[in-house]
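Morning, everyone. I will take a few minutes on one model, so please have a look at it first.

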Amino acid sequence: MRDILRAPGYLKILVVSAAIGVPVSLIAFWFLVGLHELEHVLWTDLPQSLGRDAPPWWWPLPLLLVAGAVVGLVATRLPGAGGHVPAEGLHAGGTSAATLPGVLLAAAASLPFGAVLGPEAPLIALGAGLAMLFRDLTRTAGTRQATALLGAAGAAAAIAAIFGNPVIAAVLLIEVAGVGGPQLFAVMLPALLSSGVGSLVFTGFGRWTGLDTGSLSLAMSVPLPRLDAADVLWTVLMAVALALSLHPVLGAGRRIAAYVSGRVLPRTVLCALGAGSCAALYALTTGRTPADVALSGQAALSRLGGDPHAWGVGALLAVILLKGAAYALCLGSLRGGPVFPALFLGAATGVLLAPLPGLGVVPAMAAGMAAATAATLRLPVSSVVLVVLLLGSVAMMPVVILAVVVAFVTTELLPEREPLPAPS
């Protein structure tokens, strides 16, 4: 490691990476602001200008029609096809400065208009593409290693903007880039599982005996939730169930991507209208806003976490089924990332199952989000860090780790996903 750090080329990459962080973060910030403001105009301001407190049931249909048409045109007319298809998962590289306009336009047409996708994939592409542009401007050595390192640095700077934390950005990029390959996961999984189970045992046994072993921790004034055997049991069962349920959803997204690749423009429009129909059907059957099903789920997740009891069993079942269907359609046709819808589906499943004996809302939501994220991304450490970051506390970390490991292992043991066809 000392020899690597002493190498002049590597030190130059570190300096360039530090410089990249400033413009990439600023551009990512304004990109996210633009997406948020456009979403607010389309889903709040326009309905209110029509005298409605919430979007009517049919609102997603014209918006997603526009999204499908624009993404279809971008995918067929601009370099880079608007970015990679979300059903492929997250990718750390492959973006150049020439493909950035298509990536940004496809994301702007998808996300605010109701696509059931998140902004993380376009942000990764934005950061990597800007890093390549910065490399060309500074005439940094264009070796394969330098290109990979600078692309990862730019992507991490951009992705930190949405998660608001540099740690999750760095961990996510390490796993997305596949550093260490399968051996990395083979080492991490036993360590994660052992530490999670060990934390549960120490917590429970210390509470039972009343003895203290001493630990490196801060005394917090906020009361921590009490985990018990029921939480562990339901976490394992929920993680298996979510992995088994999301596997066909992700498989459907890949089959839809293969279907769309034949005739991109009309089939992209058709799939986008299908996602809009799911949101409209949800609004018609539940009387709630179609935005619960449409969009990434970020705002809906905040509402769900703030007042989970406001959602009845029927509404939770409807949003899980219909958002899951819309998610599959968008994964195969529009542009965005898979993280936020998976988080919402896991949280909604947790709230639905929270009344189970001995479970509770907080552990159920934590386990649900962790299992859904791990099953979707297949990035175990990133899933743990992300969910703990969202919860704002490490109190649920044992069930989060357990849910992630169980869901990840279950997903890996299921049949392999078929590779997507090359774009036509």
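This is a predicted model: local features need pLDDT of at least 70, side-chain atom pairs count only at pLDDT 80 or more; totals for chains, interfaces and linings use all residues.

Residues are numbered from 1 along each chain as its sequence is written, and side-chain values use heavy atoms, with hydrogens and water left out.

How many salt bridges does a search of the whole structure find? It finds 3. A salt bridge here is a side-chain nitrogen of Lys or Arg within 4 Å of a carboxyl oxygen of Asp or Glu.

Take D292. Its closest N and O atoms are 3.1 Å apart in the bridge with R288, and 2.7 Å apart in the bridge with R303. Through shared partners, R288, D292 and R303 join into one network. D292 is buried, at 0% relative accessible area, while R288 is partly exposed at 26%. Buried means under 20%, exposed over 50%, and partly exposed in between, with a 1.4 Å probe and protein chains only.

R378 bridges to E412, with the closest N and O atoms 2.8 Å apart. R378 counts as buried at 16% relative accessibility; E412 is partly exposed at 33%.

Now the helices. Helices are DSSP runs of H or I, at least four residues, numbered from the N terminus. α13 (residues 339-353) and α14 (residues 361-377) pack at about 145°, with axes 7 Å apart. Axes are lines fitted to C-alpha atoms over the stretch in contact, and angles run from 0 to 180 degrees between N-to-C directions.

Definitions and conventions
Helices (H or I, at least four residues) and strands (E, at least two) are DSSP runs, numbered from the N terminus.
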